[in-house]
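Hi everyone, thanks for making time for this.

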2 protein chains.
Amino acid sequence: MAQVTERLAALRASLRETGNDMIALGPGPHMHWLLGFEPHGDERLLLLLITETGIGFVMPALEADSASQHSDLPMHLWSDAEGPDKALTQTLEAVGGTAAKQVVIDEGMRADFALTLLDRLPGAAHVFTESTIGRLRMKKDAAELAALKESAALDDRAMQAAFAALKPGMTEDDLAQVIRDTFAEAGAGPLFTIVGAGGNGAFPHHQTGKTVLQRGDAIVIDIGARLNGAPSDITRMAVLGEPPEGYDEIHAIVEGAVQAAMAVARPGIRAHEIDDAARGHIAAAGYGEYFLHRTGHGLGVEVHEPPYMTASSQTVLEEGMVFSIEPGIYLPDRFGLRLEDIVYLTADGCERLSELSRDVAVVEVAQ
Amino acid sequence: MAQVTERLAALRASLRETGNDMIALGPGPHMHWLLGFEPHGDERLLLLLITETGIGFVMPALEADSASQHSDLPMHLWSDAEGPDKALTQTLEAVGGTAAKQVVIDEGMRADFALTLLDRLPGAAHVFTESTIGRLRMKKDAAELAALKESAALDDRAMQAAFAALKPGMTEDDLAQVIRDTFAEAGAGPLFTIVGAGGNGAFPHHQTGKTVLQRGDAIVIDIGARLNGAPSDITRMAVLGEPPEGYDEIHAIVEGAVQAAMAVARPGIRAHEIDDAARGHIAAAGYGEYFLHRTGHGLGVEVHEPPYMTASSQTVLEEGMVFSIEPGIYLPDRFGLRLEDIVYLTADGCERLSELSRDVAVVEVAQ
């Protein structure tokens, strides 16, 4: 409860500073960060409305008992039979939000939740959470950092299990299952297990499938799970036998980009400087057009959250922020190569969460 | 492709009939139904815009190659460095949507996707998909029905595996793992595995946890998975040894409610008549206040989708619709009891997808 009180006070201060009258959160990561839990979310309208002086839920009746076990905040209930209109009116009145002129909308909530609320506030402007709860969430406290480290250690173990299991003839799905099993044995829920073999690796968000792993494949393995609430995310490379032509050169370039980004990462710089460092290194090597995405993303409650390391981001980085550094080079019809580490900012630089080397894992294959 | 062409034509006809100029879909079930696939969705703006004469994607550049493998629809790309504004403008112009006066919004997309689009269309009205793609999705074709039946058969097997594994001393989580293992072995992805023992069962959406199953517990088991794209959903009851006091009476009432709803289910009635039948039966037995939720929900691409069997729904049911019938009675601090079958409407009635009896599974426990 102490944590909820503290975070709620910080959130209200950020609403004041930014001239917002109300914030509306759906079931999701913002609510989770604030309250330490989130109710079951489905298509039924469920909102937490917060103003300077009020706070309350629009709550589907059938979630009320379960939610009450985690929170004693006021809940305005609605049943499937009556629908949510009256409960929304009651909540807006109770929190003093009926005349709100500028409202912060949880950008990840369902579109109908946001539009149903905004339709009640004609003329009200809306903004997303970047300068309020989004900003607060970027800085991690000691407990959050410890949980992220534990989750990263499990992700390392899952990667090592994948390396140990790798052999020609298995499918991408087979390898993904080895990884998921490692997560499950540790009591973690899998978030994603991207295995991209050979040409598939050239698609950054390849959908892992029935492609059979073959001798000579370079394989992108990008995996993450949620352990005790904390997500993980790591990408490493493996090759089956001899690497494909040109592999070692590209690996060295991407590794150089990771190191360049880590070298500049410290409080006070802007997020785009991380991207500039990695992208500049890859561009200087002549592969700029094959680095298709931003250099990184924050991670904390979600596996992708602010700050984002993009070419245009002016976000000033601060001590306690946690984010990925994950440059890549994607060569169509040949292979893709990405190396990803999660780092956190200390007073004078950054430290990695993972303890795994970024060297390619070479799996020996009999001739 | 033939299916995409057919569904797109039906969707455009529904836009005309309802006076809508454009529909906007995010990555999600509507898009999946229409195109047979959905691109990876995250916080990057990804929209499919469709008008009478145009269709095109606002597409993050790093999803483009992967999406192109599944679709040859026009894609307007944006990179992390430049942001989505220009691509959105281009897409609106290309599909002829810049002057749209009424837009159908995919209610399940992210709030920022919807608001970013609507901010470009000042004065445009928005509606959700109920009378357009939502209506089309409710009626299942033969291939969809066959896939749902296969998925239901697997759900039956998972339930039987749970019954076989049940014993005092295991936790709710342990039992959920048995169920998930059954899904995984069949190549299905788990959707939910709710196990609510004793008093936990009185929360319809209980979060399965570390509660230890004990002799005398009535246990709600509500599980579903996705097999070859098709979801499943079933709820059955088990008791460990002797049932708790009053159990048999309540089971008979809920079973009666299921049968009452099935007896009225046929094309031409309104959805609320299903709810009326089940709720009326439970109310007549004196337990109306303990039936906390609607009687059912559609299932097809999603595990919860229209039509919803609520007290107020005027949706007219048609042949080919598939939905759950799942009345329940929830007695605080005692137990919850829900029985759920998925049915599909035939010309003159309904048939179940499951072949499992709804009788309680009594697990013998040594004295």
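Let me start with one word, contact: here it means heavy atoms within 4.5 Å.

Before going on, a word on the ground rules. This is a predicted model, where local features need pLDDT of at least 70, side-chain atom pairs count only at pLDDT 80 or more, and totals for chains, interfaces and linings use all residues. Residues are numbered from 1 along each chain as its sequence is written, chains are lettered from A and ligands numbered from 1 in the order in which they are written, and side-chain values use heavy atoms, with hydrogens and water left out.

Back to the two chains. Chain B and chain A bury about 3500 Å² between them, where buried area is the accessible area (1.4 Å probe) that two parts lose on being put together, summed over both. Carbon and sulfur atoms give 57% of that area.

Now, charges. Side chains of opposite charge can pair when their charged atoms come close. I call it a salt bridge when a side-chain nitrogen of Lys or Arg is within 4 Å of a carboxyl oxygen of Asp or Glu. Over all chains, this rule counts 40 salt bridges, and two are found across the interface of chain B and chain A. Please find Glu43(B) and Arg294(A), whose side chains form a salt bridge at 2.7 Å, N to O.

Next, let's look inside chain A. An automatic or database domain assignment sets the bounds, and it divides chain A into domain 1 (2-137) and domain 2 (142-363). Six residues of domain 1 of chain A touch five residues of domain 2 of chain A, and the two domains bury about 510 Å² between them, 49% of it on carbon and sulfur atoms. Which residues of domain 1 of chain A lose the most area to domain 2 of chain A? They are Pro29(A), Trp33(A) and Arg137(A), together 63% of what that side buries. Arg137(A) also has a salt bridge with Glu305(A), 2.3 Å from N to O.

Now a helix pair. Helices (H or I, at least four residues) and strands (E, at least two) are DSSP runs, numbered from the N terminus. In chain A, helix H7 (residues 142-165) packs on helix H8 (residues 172-185) at an angle of about 145°, with the axes 9 Å apart. Those axes are lines fitted to C-alpha atoms, for helices over the stretch in contact, and angles run from 0 to 180 degrees between N-to-C directions. Residues that meet there include Leu154(A) and Ala158(A) in H7(A), and Val178(A) and Phe183(A) in H8(A).

And chain B? Helix H7 (residues 142-165) of chain B and helix H8 (residues 172-185) of chain B also pack at about 145°, axes 9 Å apart.

Last, some backbone details. The peptide bond from Pro306(A) to Pro307(A) is cis, with omega near 0°, and Pro307(A) sits in strand E12 (residues 305-309) of chain A. In chain B, a cis peptide bond joins Pro306(B) and Pro307(B). Finally, Asn228(A) is not a glycine, yet has a positive phi of about 50°.
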